[in-house]
Amino acid sequence: MWRPARLDQLSDEALLAAVALNEPDSAAVFIRRFQRRVYGLAVTVTGDVSLADDIAQMAFERAWRHAASYDARRALVTTWLLTITRNLAIDALRVRRAVPFDPDLLSQLLPPASGIDPQQAAVDLDQLGRLGVELNALPIEQRRAVLLATVAGRTALEIAEIEGVPLGTAKTRIRLGLRRLRTAVAEVAT
Amino acid sequence: MSKNPTIGCDQFDEQVEDLALGHIDEPQRSRLLAHASVCPPCQSLLEGLGTVADRLLLLAPQREPSAGFESRALARVDTTTTSGTARFRVPLWAAAAVALIVGAIGVTAARLLDEPFASAAEATAAIVTPAGVDLGSVQLLANPAPHVLVAIRAPRPEPGQRNCELQRFDGTWVQVGSWEVADIAAGVWATGIDSSLLSATAMRITTQDGTLLATASFD
């Protein structure tokens, strides 16, 4: 049975569409829904709660500006927004010439598979849980390289400098780690 | 794996991680994507690595921001709005035409209301009036159940029923739903559809008497 919608009951995509339309209160509902994710990622990448607060605000401002260009075929709303957040955090760190992100710390903070909320994650629980398990099963150097490349958005060259290894070694670590995780995700999907 | 005049599978394989992570600049990025578009195994590899990179972002820990964050973020958005960059409103010169359409829209799909979800669109298209005014967009989505999602940026609506129809591949039109002013709540409208309509080729919006107000082509 059809009934009128409330903003906080909309799907992520529908809510973002409402934001794009400047519907009253949509921006507030959007911020409320995603602020813990956005701020959490900003803190993770920067290690600075004050800077992270500013980056999270900038991320929502940028999302609001570009909501109309969001393409659901290319990414979930959550990952689209987190990618914006990560890139802003990286830019801010580059300006400060700082590298506070510690991939080992992130590994420790990863929730156990049973602790992941599939609705909040907006993806299949098994797939996300398996990804977390496989990530923690990677050799430490691969796990660090993968997290630096994905969550922290570092290039292979930057990872080589951070880890003190040749560029080829950094690339190999990223390659082996990502492909192993890809296999794990694909196995869950089939 | 298939052939490509500029990029081969070996070269693609060497750079696919950087491509998936967004670390390849143009024009090499376009060359690699062109290869993927004609090589299913390489496309699959790229998509798989991209999925992993996206999912890892979701594993990052969540954290409550300090008190007042929502207000601070909203103030930032409001500042942008009042600085003259509110870009989603239809120009006044188009308002007369737009008013014939939905105006604003309502979300009516029960599934949308009951369970927040995210999904990838099967097809997306721009909605335009017969005069060529861009009104918004329409998406056909498969998850969690097949539905059509209409988003129109328009002034407040004129009263009256608006019908949404989808065109099958064979050219026949199927009415999938309708809305009125009373349904309008959040600027978007959606309704469940038969899964066969996920491959629809076009959408149109009409009035109750059959007047064509807007169309969208999924081609």
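Helix α3 of chain B is largely enclosed by the rest of the structure, because 14 of its 19 residues are buried. The model is a predicted one. Helix α3(B) covers residues 40-58. From its first C-alpha to its last it reaches 27 Å, close to the 27 Å expected at 1.5 Å a residue.

What surrounds this helix in the chain's layout? Chain B has 6 helices and 8 strands. Along the sequence they follow the pattern α-α-α-α-α-α-β-β-β-β-β-β-β-β. Of the 219 residues of chain B, 38% count as buried. Take the contacts in chain B between residues at least 6 apart in sequence: 64% of them join residues at least 24 apart.

Now move to the strands of chain B. Which residues of β3(B) cover each face? B:His147, B:Leu149 and B:Ala151 are buried on one side. B:Val148, B:Val150 and B:Ile152 are buried on the other.

Strand β3(B) has a partner in β2(B), residues 134-141. The two pair in the antiparallel sense over 6 bridges. B:Val138 stands opposite B:Val150 in β3(B).

Strand β4(B), residues 162-167, is joined by 6 bridges to β5(B), residues 173-179. B:Cys164 stands opposite B:Gly177 of β5(B). These two strands form a hairpin with 5 residues between them. In this hairpin B:Gly171 takes a positive phi near 95°.

Chain A is built on another plan. It holds 10 helices and 0 strands. From the N terminus on, its elements run α-α-α-α-α-α-α-α-α-α. Buried residues make up 50% of its 190 residues. Among contacts in chain A between residues at least 6 apart in sequence, 60% join residues at least 24 apart.

In soluble globular proteins, nonpolar side chains tend to be buried together. Here the largest nonpolar core has 99 residues. Which of them touch the most other members? They are A:Val38 and A:Ala42. Helix α2(A), residues 26-46, gives the largest share of this core, with 11 residues.

Leaving out residues up to four places away in sequence, A:Val38 touches A:Ala56, A:Ala59, A:Phe60, A:Leu81, A:Leu82 and A:Thr85. Among these, A:Ala56, A:Ala59 and A:Phe60 are buried residues of helix α3(A).

Helix α3(A) covers residues 49-66, 18 residues in total. It reaches 25 Å from its first C-alpha to its last, close to the 26 Å expected at 1.5 Å a residue. An α-helix has 3.6 residues a turn, so residues three or four places apart point the same way. Among the buried residues of α3(A) are A:Ala52, A:Ile55, A:Ala59 and A:Ala63. The buried set also includes A:Asp53, A:Gln57 and A:Glu61.

Is A:Ala89 buried or exposed? It is buried, because 28 other C-beta atoms lie within 10 Å, where 20 or more are needed to count as buried. Beyond its neighbours within four places in sequence, A:Ala89 is in contact with A:Ala42, A:Val45, A:Thr46 and A:Ile55. A:Ile55 is also one of the buried residues of α3(A). The C-alpha atoms of A:Ala89 and A:Asp54 are separated by 9.6 Å, although the two residues are 35 residues apart along the chain.

Further along chain A comes helix α8(A), residues 140-150. It is largely enclosed by the rest of the structure, because 9 of its 11 residues are buried. Its buried residues include A:Arg143, A:Arg144, A:Ala145 and A:Val146.

The last stop is A:Ala170, in helix α10(A), residues 167-189. With 26 other C-beta atoms within 10 Å, A:Ala170 is buried. Its contacts, neighbours within four places set aside, are A:Ala145, A:Ala156, A:Ile159, A:Ala160, A:Glu163 and A:Val165. Of these, A:Ala145 is one of the buried residues of α8(A). The C-alpha atoms of A:Ala170 and A:Val146 are separated by 9.6 Å, and these residues are 24 residues apart along the chain.

Technical notes: Residues are numbered from 1 along each chain as its sequence is written. Chains are lettered from A and ligands numbered from 1 in the order in which they are written. This is a predicted model: local features need pLDDT of at least 70, side-chain atom pairs count only at pLDDT 80 or more; totals for chains, interfaces and linings use all residues. A nonpolar core is a set of buried Ala, Val, Leu, Ile, Met, Phe, Trp, Tyr and Cys residues joined through C-beta atoms within 7 Å. A residue is buried if 20 or more other C-beta atoms lie within 10 Å of its own, exposed if 12 or fewer, and partly exposed in between; C-beta atoms are placed from the backbone. Helices (H or I, at least four residues) and strands (E, at least two) are DSSP runs, numbered from the N terminus. Two residues are in contact if their C-beta atoms, placed from the backbone, lie within 7 Å. Two strands pair if DSSP finds at least two bridges between them. The expected span of a helix is 1.5 Å times one less than its number of residues.
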